[in-house]
Amino acid sequence: MRVGLERAQAAGAARPDATVEDVSMLVRALAHVATPGEGEAIDRAAGIVIVGLGIHR
């Protein structure tokens, strides 16, 4: 996970202030609240998190 985040930051695609701990916490939080049958909602939530980690241009 660290290498992926560092590559995204180096390419200007991820927030420079995001840490591996931040990403890990967000992924664990999504996994914690996921229940069977909520696939589409979890996909949307994951997309929101990913966009939030990106650089807004």
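**Figure 1. L5 and the residues it touches.** Leaving aside residues up to four places away in sequence, L5 is in touch with A14, A18, T19, V20 and V23. This is a predicted model, so keep in mind that you are looking at a prediction. L5 itself sits in helix 1. Is L5 buried or exposed? With a relative accessibility of 11%, L5 counts as buried, because the cut-off for that label is anything under 20%. Take T19, one of the residues that L5 touches: the two are 14 residues apart in sequence, yet their C-alpha atoms are 7.8 Å apart in space.

**Figure 2. Helix 2 from end to end.** Helix 2 covers residues 20-33, which makes 14 residues.

Figure 3. Which residues of helix 2 are buried? They are V20, V23 and L30. Looking down the axis of helix 2, you'd find these buried residues within an arc of 100°, which means that they line one face of the helix. Over on the other side of helix 2, M25, R28 and H32 are exposed. And what do the buried residues pack against? Their partners are helix 1 (2-10) and helix 3 (39-53). Two of the buried residues, V20 and V23, also turned up in the list of residues that L5 touches.

**Figure 4. D22, a residue in between.** D22 is another member of helix 2. Its relative accessibility is 33%, so D22 counts as partly exposed. Now hop along the chain to G52, which is 30 residues away from D22.

Figure 5. Where is G12? You'll find G12 in the loop between helix 1 and helix 2. G12 has a relative accessible area of 24%, so this glycine is partly exposed. From G12 to H32 you count 20 residues in sequence, and the distance in space is 30 Å, C-alpha to C-alpha. A34 belongs to the loop between helix 2 and helix 3. At 36% relative accessibility, A34 counts as partly exposed. A34 is 20 residues from A14 in sequence, and their C-alpha atoms are 25 Å apart.

**Figure 6. Stepping back to the whole chain.** After the close-ups, here's the setting they come from. How many helices and strands does the chain have? There are three helices and zero strands, and from the N terminus the order reads α-α-α. The C-alpha trace spans about 35 × 25 × 15 Å along its principal axes. Of the 57 residues in the chain, 14% are buried. If you take contacts between residues at least 6 apart in sequence, 45% of them join residues at least 24 apart. The chain's accessible surface is about 4400 Å², and carbon and sulfur atoms account for 63% of that area. As for charge, you can look for 6 positive and 7 negative side chains, with the centres of the two sets 6 Å apart.

Notes
Residues are numbered from 1 along each chain as its sequence is written. This is a predicted model: local features need pLDDT of at least 70, side-chain atom pairs count only at pLDDT 80 or more; totals for chains, interfaces and linings use all residues. Side-chain values use heavy atoms; hydrogens and water are left out. Helices (H or I, at least four residues) and strands (E, at least two) are DSSP runs, numbered from the N terminus. The expected span of a helix is 1.5 Å times one less than its number of residues. Buried means under 20% relative accessible area, exposed over 50%, partly exposed in between (1.4 Å probe, protein chains only). The arc is that of the directions from the helix axis to the C-beta atoms. Contact means heavy atoms within 4.5 Å. Accessible areas come from the Shrake-Rupley method with a 1.4 Å probe; for residues, only the protein chains shown count as cover. Lys and Arg count as positive and Asp and Glu as negative; His and the chain ends are not counted. The place of a charge is taken as NZ of Lys, CZ of Arg, CG of Asp or CD of Glu.
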